[in-house]
Amino acid sequence: MLRLWSFGTRPVLSRCRGFHVSVVANATAEAESSATTSSTWTPTSVRTGLIARKRGMTVMWDTNGVRFPVTVLQLDNCQVTANIKTVRADQSEYHAVQVAASDKPAKTTTKQMLGHFEKAGVPPKRIVKEFPVTPDAHVPVGTTLSAVHFVPGQFVDVIAKSIGKGFQGTMKRWNFKGLRASHGVSISHRSAGAIGAHQDPGRVWPGKKMAGRLGGERITTQNLAVVRVDSDLDLIYVRGCVPGVDDAHVMVRDAKKKMTQSAQHNNAKGLMEKTLPKGLTGLPFPAGTKELAEALPPVVIAPSARVSDPFVPRE
């Protein structure tokens, strides 16, 4: 499907491979101009994500009394520090919103980053990330993002570095069955078994599943449902588990499969009622801010997706 924003006129700019001041200034000007006009979410829009901290897991109960696990994510003064616009070699444009979170002392921040944060009008931050967006989704620099950026009932992807588990064997790392537990082997019950072939090829094939380090990698957990949002404490409750240790920084964005791509696909087919999950009419656009949170209830809970009561016997 051709994206609607690809038909717009593209200004001719010099190719930019790095973080260029003029490109950021142009993107910031566009963000300010778009903020003055009416901004409404469309099925072709891609919003920015947020940086949160994983506070731990707990449980919740739905309206039918069914218990389910949730992970609590908290925003730690997440603010927009830049809007990025880059023209590639093929004259296509790359748009992104740079977000930073978690204040840190100025004395432990480099002078380069101090200047960058001072220009954005935000205090020094511990973590800075950027999220690709569509040209209509730029956010003014200095905006403080809130937990209401995500709506209860929608789906999100959570990206983080998984917990490192050190050097592990093949049974734990690759779910190997292992050798026989009683007869046939001697002190080799959890061994990987043979790893090679004959004289031909006479070597171990690259990518062979063997023992090694497990965890400590960038992991994306997809399609997690947002079940509750607390704007007073900037808490986001997502159903299920997310990668990372407690208090680790995680990146949260709209689910690529169940939100972004599904909306674009159904919009192309003319199924406008299916562009968002059932019960949702729109998303905060271009972002959910502190000002928007003040106009909404402090706690918003998604209704249960279960249709029937599981504790009532079927007739």
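**Close-up 1. Surroundings of A192.** Apart from its neighbours within four places in sequence, A192 is in contact with T170 and F176, where contact means heavy atoms within 4.5 Å. The model is predicted: local features need pLDDT of at least 70, side-chain atom pairs count only at pLDDT 80 or more, and totals for chains, interfaces and linings use all residues. Residues are numbered from 1 along each chain as its sequence is written, and side-chain values use heavy atoms, with hydrogens and water left out. A192 sits in the loop between α3 (170–174) and β8 (212–214); helices (H or I, at least four residues) and strands (E, at least two) are DSSP runs, numbered from the N terminus. With a relative accessibility of 34%, A192 is partly exposed. On this scale, buried means under 20% relative accessible area, exposed over 50%, and partly exposed in between (1.4 Å probe, protein chains only). K177 is 15 residues from A192 along the chain, and the C-alpha atoms of the two are separated by 8.9 Å.

**Close-up 2. Salt bridge between R55 and D247.** The side chains of R55 and D247 form a salt bridge, with an N to O distance of 2.7 Å. The term denotes a side-chain nitrogen of Lys or Arg within 4 Å of a carboxyl oxygen of Asp or Glu. R55 belongs to strand β1 (residues 50–61) and D247 to the loop between β10 (235–239) and β11 (249–254), so the pair ties together parts that are 192 residues apart in sequence. R55 is partly exposed at 34% relative accessible area, and D247 is partly exposed at 38%. A search of the whole structure finds six salt bridges.

**Close-up 3. Salt bridge between K125 and D103.** K125 and D103 meet through their side chains in a salt bridge of 2.7 Å, N to O. K125 is in strand β5 (residues 125–133) and D103 in strand β4 (residues 93–103); the pair, 22 residues apart, links distant parts of the chain. K125 is buried, with a relative accessible area of 4%, whereas D103 is partly exposed, with 38%.

**Close-up 4. Salt bridge between R253 and D157.** A salt bridge joins the side chains of R253 and D157 at 3.6 Å, N to O. Strand β11 holds R253 and strand β6 (residues 155–161) holds D157, so the pair ties together parts that are 96 residues apart in sequence. R253 and D157 are both buried.
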